[in-house]
Each structure stands twice: as structure tokens, then as C-alpha cells.
Amino acid sequence: MARNDTTPVTIVSGYLGAGKTTLINHVLSNPGDRRIAVIVNDMGEINVDAELLARESDDEGIVDLSNGCICCRLQGDLLEEATRLARRRDFDYLLVEASGISEPIPIAQVFTDGTDESDVDPTNLFRVDTMVTVLDTYGFWKEFDAGEQLPETAQPDEDRPLSEVLVEGIEFCDVLLLNKSDMVPEEALAEIEAVVDTLQPRAKRLRTTYCEVNPDIVLDTGAFDFETAKRSPGWKRHLRGEGHDHGEEGHRGGDDHAHDSEQSVADRHGVSSFVFQSDRPFHPARLAAWLEDWDGPIVRAKGVCHVATHDDVIGVSQAGPSVQAGPIGEWRPEDDRCTRLVIIGRSMNERRIREELEACVIDGDESELAESVTDPFPLSHAT
């Protein structure tokens, strides 16, 4: 099919209680000349969001996918239901609401690459138009302030900690809605904006209350490009030695604020980043202890590590108090075994953090000690 014959898709991600269903209800109430179908995913046996949408919109084009996650268990069901809807041809836009713990990248890949279980080529039927993340700004504020109490609607999940879901949603999106922004003090909100701009400098960001936005912000934007989206997270840019995109007119909007350059905003609120590199391997136990002892100012740590006694590359992904670290592949003979770790945070003491990481690196005479330590990887920890 030609591009104009494919159905555009907007995928809405965000943690439980962030406001995804509120956003979709708002869009369904203001569709313009669009005929919109909705697929709603919920981890429970009963899809409360789908029932809420059906009650409030009287829309028959709502599909309920429950008791599983469309980024993993229900990928096949997602493609099957989307294909069934597309072949009915009684709608011209598809909205997908992901569950509160879904990873956005695998959902996008269902529509770009298909699934192993199906011979349907989704690109003949669909094109991903916009990836939207609804951020519970109040929950983000509390989650990344050590010792603060989380809101009741944002309790941790044993499989997908809140901090991990929040950060990954920010890093892979075209539009980022800072919902519930009215519940956060202005100074804290400005600091959050500086943090999310560092994590994801490409996305269009708006402050919202009850997700009240013009539907054109999240529909028919043409903003999605998979390769660009994969390369856009701030930590990847830092590893490539790239700074922020300055002079990109109007990529922020919707809150009637005159934004300074991203770098000056980040500087004003103490948001910074640096790359730690080392040719010497980490002592496994000391690195694991450092990763588990969360330093409140660190929002994000991501990269690859050379760990003594390991022929595996150890990948590290830390989002606030949640850390995942473990083998992601083997070093090849031609590889230069080294650590490259991006650290992003607020009011960080870079010198102290570098010294702590240097203290985790082994000296030449510590090889036997490193080999005698019980291997702590893979490591998974959340507070």
C-alpha cells in the first residue's frame, strides 16, 4: 500500500495513574474529522481503562487486551486485533494505550517489524505516527527525591520499578506530556523539565493538567522515526560525544513559557552529566555495592562495563533507585575492553562520584581477589 493507504498509529505510554485514559477520552471527545479506534492494554483480568473509555465515549471501536502486557506476552494479540480492525476499514486512526508497565520500544516494533507468530507485514496496514508518554510529574518528583513518600497511585511493581518505567518512557517518545504539573511547585517543576530535557532532548514537551491538549499535538504529527527515536535518548548522545541540539526553534511548547537554551536551563537547575571511562576492569563486588547504594542526585546511569573475571560485557541501566546490571554479550577478541558509563543527575558532585568509581576499579595486584569473589551479576535492585 502507498503511505496514504496505511493507518496512522499513536501509542500512549505512561505509568498507572499518569493520565493515559484521560488523554484518550479527551482525544475521543475532540476527534475532528477523524474516525478513531482504540486498543487498551491492562495487566489485570479486568481492563478497567477499557470499561471507562467505553462508558465515557460510547465508542464501539474499543478493543480490550487484558491479563498480559502488549510489549511481551500479548504482542501477537496486539497485531491480530489491530489487523482485524484495519481490515474492517471503518476507522482511519488507531490509538494504542499501553499498560502501566509496558516498554514502548517493543510495542512500536510490533507495528514496524511484526511478530514471530504472524506472517502479517504490519507496514502494509499501519505506520507509527507518534509515540506519546504521559508522565506523572508528581510521581516523578517524589520518586527521584530520596526519602519522599510515593503517591498512592504510583506504587512500585516487582517486575518494573516505577523509576525505570518513568525514565524509559521519557527516553523513547516524540511527545512528552508533563501531566499533573499543577501538583508540583514551580521551582521543582522547572528542575524536572531540565532533567527530562537532558534525558530526552528531542521530544516535544508540554505541561498539562488532566491531559488537556489539542489532539493535533498527539495525532497526525508525522514525528516518529524508529532509528532517530532509538538514537535520541540523552545517555546515547553523551556516549557519542554529542551535546544538546541548540537553535531548534519551537520544539518545546504548550505552556506559554519562554524557554532558554536547554543547556542554560539545565545549568540553572543543577542538572549535569558526564561520562566515566576506564581501561582497567571493575572489581565485581565493589561495582555491585556502588550500584546498590543509590546516590539520590543520580537520576540515570547507563552504559557498558568491563568487569574483572568476566568475558561478558556487563550492561548497566540505573534509573533512580532501580538498577539492572548483567551480561549483554561477550567481548570479541578485537574489542577494546573498557568501561563507558554515562551519569545524569541533579546537583551531583562529579568529582566525588568519579573518585567512588575509580575506587571500584581493580589494581594489578587485585586480580586474584577479584576472581575469588562470588559473582554478583546479574544484579537487580530497587528500593
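# Reading the model: questions and answers

Biologist: Where is C338 found?

Modeller: Helices (H or I, at least four residues) and strands (E, at least two) are DSSP runs, numbered from the N terminus. C338 sits in the loop between β11 (322-330) and β12 (339-346).

Biologist: What pLDDT do local features need in this model?

Modeller: Residues are numbered from 1 along each chain as its sequence is written, and side-chain values use heavy atoms, leaving out hydrogens and water. The model is predicted: totals for chains, interfaces and linings use all residues, side-chain atom pairs count only at pLDDT 80 or more, and local features need pLDDT of at least 70.

Biologist: Is C338 buried or exposed?

Modeller: Relative accessible area decides, with a 1.4 Å probe and protein chains only: buried is under 20%, exposed over 50%, partly exposed in between. C338 has 14%, so it counts as buried.

Biologist: Which residues is C338 in contact with, leaving aside neighbours within four places in sequence?

Modeller: Contact means heavy atoms within 4.5 Å. H306 is 32 residues away along the chain, yet its C-alpha atom is 5.3 Å from that of C338. The contacts of C338 are S278, D279, V304, W331 and H306.

Biologist: Which residues do ring pairs link into a cluster?

Modeller: F224 and F226 have ring centres 6.0 Å apart and planes at 70°, so their pair is edge-to-face. Both residues, F224 and F226, are buried. The cluster is F172, F224 and F226.

Biologist: Why do the buried residues of α11 line one face of the helix?

Modeller: In helix α11 (residues 284-292), the buried residues are P284, L287, A288, W290 and L291. The arc is taken from the directions that run from the helix axis to the C-beta atoms. Seen down the axis, these residues line one face because they fall within an arc of 160°.

Biologist: Which peptide bond is cis, with omega near 5°?

Modeller: Most residues other than glycine have a negative phi, and most peptide bonds are trans. P378 lies in the loop between α13 (367-372) and β13 (379-381). The cis bond runs from F377 to P378.

Biologist: What is the phi of T309?

Modeller: T309 lies in the loop between β9 (298-305) and β10 (312-319). At 49% relative accessibility, T309 is partly exposed. Its phi is positive, although T309 is not glycine: near 75°.

Biologist: In which helix is confidence lowest?

Modeller: pLDDT is the predictor's confidence in each residue, from 0 to 100. The chain mean is 79, with 73% of residues at 70 or more. Strand β6 (residues 175-179) is highest at 97. The lowest mean, 46, belongs to helix α2 (residues 48-57).

Biologist: How many contacts beyond four places in sequence does the model have for residues 54-58?

Modeller: Where pLDDT is low, the predicted coordinates should not be read in detail. Over residues 54-58, pLDDT stays under 50, and the contacts number seven.

Conventions. Rings of Phe, Tyr and Trp (its six-membered ring) pair if their centres lie within 6.5 Å; planes under 30 degrees apart count as stacked, over 60 as edge-to-face and the rest as tilted.
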